[in-house]
Amino acid sequence: MEHTGPKSIEAFSTAQQYIPGGVNSPARAFGAVGGNPPVISHGRGAHLFDLDGNEYIDYVCSWGPLVFGHAHPRVVQAVQEACLLGTSFGAPTQAETALARQIVQMVPSVEMVRMVNSGTEATMSAVRVARGFTGRDKILKFEGCWHGHGDSFLIKAGSSALTLGAPDSPGIPQAIAALSITVPYNDLSAVQEALRQNPGQIAAIIVEPVAGNMGTVPPRAGFLQQLRQLADQDGCVLIFDEVITGFRLSAGGAQEYFGVTPDMTCLGKIVGGGLPVGAYGGKRQIMEQVSPLGKKISQAGTLSGNPLAMKAGLVQLQMLSEPGVYARLEQLSQNLEAGMAENLKKLGLRYTLNRVGSMLCMFFTETQVVDYATACTADTARFRRFFWELLKRGVYMAPSQFECLFPSAVHSDGDVERTLRAHYEALKAIH
Ligand code: KE4
């Protein structure tokens with residue numbers, strides 16, 4: 001049984017007595033790779049440390065939020081200072097306005113924004129607002145995308161649902177599932193057919209502008225532009241789920257990176273600086289229907305806009321706005337991709353490597369991965385062995401073939417060199 005050390009084994013066994021699977025999110029359960037996960041004691045920069053003193057170069061980075069690594073001094077200081085003033089008020093604070101203004105400045109299509117506590121809350125709320133704004137009930141989504149655990153999304157979903165072999169979750173009433181139309185990612189004809197078969201009935205098309213939950217799957221050339229046109233023709237709301245891509249692919253996210261403007265945007269992860277923040281926003285005419293305004297479309301939350309999280313998110317977004325950060329992220333990610341490609345060539349292997357900015361994934365398949373079906377041709381048994389060979393060599397990536405590597409701006413060139421050595425040795429060990 002693969003494991004990292006006795007203290008993690010004992011701690012994880014205790015956790016399993018009180019928490020389902022010992023985890024507060026199934027993606028962490030190592031279900032797809034087996035064995036016991038390392039139980040983390042602390043993180044510092046690009047490195048994680050477990051209870052047994054093992055050190056890892058971290059490419060999960062809390063599944064994307066930590067674009068400046070663990071415990072960045074400026075984020076820590078902002079949270080410490082905020083703590084001393086009180087942790088939550090349930091009343092308006094200037095910290096919320098400051099983060100909202102920062103988001104609006106960085107993502108121009110977001111004219112107004114509402115803070116929530118997770119990406120799931122952001123996507124759930126955005127879909128409800130689109131339904132309330134249009135008066136339509138159905139939504140169109142894409143196989144293999146993950147929009148969090150809202151009922152409408154748990155049909156042919158990606159991330160932990162796909163990883164653990166349960167893309168269709170029990171517990172979703174048929175009446176709700178019937179309102180979600182799911183088509184293959186990158187398949188414009190399927191989108192056109194769905195819109196033709198459901199004229200004036202689809203409230204929103206929700207899409208990850210770069211899919212990050214079936215591994216990294218880029219949009220085909222013109223895919224996003226065509227979605228924009230089809231949404232305009234149909235009168236439905238185009239929602240970009242930028243929980244991963246937001247502030248990662250560029251300061252303005254995927255919509256800036258590809259030059260396509262959605263009607264609404266969902267944000268999470270990076271926007272909270274490692275604390276619980278989600279956000280949804282978009283056109284003023286849509287957001288002015290959100291309670292207490294306009295149609296009073298309901299959405300609420302005790303800790304939404306929490307001052308600690310607002311301060312952490314604001315500092316992280318301000319740091320991202322400083323010169324050279326995205327160039328560094330791109331250089332690191334390019335070096336990782338090129339080094340992996342070179343390793344594959346040296347070993348005579350032809351696995352598929354997908355990358356967009358600082359989202360990358362190596363698939364254990366020679367098939368080009370463009371959607372859910374092609375992602376599922378990956379050899380997950382071989383991935384499982386690869387994962388543990390890497391972990392033994394001090395490289396910590398997501399315990400799933402269907403996630404991304406997330407380099408941070410604080411990974412060093414030395415980290416990348418050590419990663420590429422481990423990558424080569426791990427591949428060699430399993431072939
Ligand atoms: P959260 O509720 O986990 O904050 O966000 C949901 C979500 C929404 N949209 C996208 C594109 C997402 O990737 C996510 C969450 N991502 C997963 C892993 N890729 C989070 C890991 C987990 O579930 O523990």
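**Pocket and hairpin**

Reply: In this predicted model, the lining of the second largest pocket divides into 15 nonpolar, 11 polar and 4 charged residues.

Me: What makes a residue a lining residue of the second largest pocket, and which lie nearest its centre?

Reply: A lining residue has an atom within 4 Å of a point of the pocket. By that rule 30 residues line the second largest pocket, and Glu-96, Val-113, Arg-114, Met-115 and Ser-304 lie nearest its centre. The volume of this pocket is about 560 Å³.

Me: Which elements supply at least two residues each of that lining?

Reply: Helix H3 (94-106) and strand E4 (112-116) do. H3 gives the most, with 5 residues.

Me: Why is strand E12 called largely enclosed?

Reply: Buried means under 20% relative accessible area. In strand E12 (residues 359-363), 5 of the 5 residues are buried, so the strand is largely enclosed by the rest of the structure.

Me: What makes E11 and E12 a pair?

Reply: Two strands pair if there are at least two bridges between them. Strand E11 (residues 352-356) is joined to E12 by 5 bridges, and therefore the two count as paired. They run antiparallel, with Thr-352 opposite Phe-363 in E12.

Me: How many residues lie between E11 and E12 in the hairpin?

Reply: There are 2 residues between them, and Gly-357 in the turn has a positive phi of about 60°.

Notes
Residues are numbered from 1 along each chain as its sequence is written. This is a predicted model: local features need pLDDT of at least 70, side-chain atom pairs count only at pLDDT 80 or more; totals for chains, interfaces and linings use all residues. Side-chain values use heavy atoms; hydrogens and water are left out. On a 1 Å grid over the protein atoms alone, a cavity is a set of points where a 1.4 Å probe fits but cannot get out, and a pocket is an open set with protein on both sides within 12 Å along at least five of seven lines; lining residues have an atom within 4 Å of a point. Grid points are joined across faces, edges and corners, and a volume is the space filled by probe spheres set on the points. Helices (H or I, at least four residues) and strands (E, at least two) are DSSP runs, numbered from the N terminus. Ala, Val, Leu, Ile, Met, Phe, Trp, Tyr, Cys and Pro count as nonpolar, Asp, Glu, Lys and Arg as charged, and the others, Gly among them, as polar. Buried means under 20% relative accessible area, exposed over 50%, partly exposed in between (1.4 Å probe, protein chains only).
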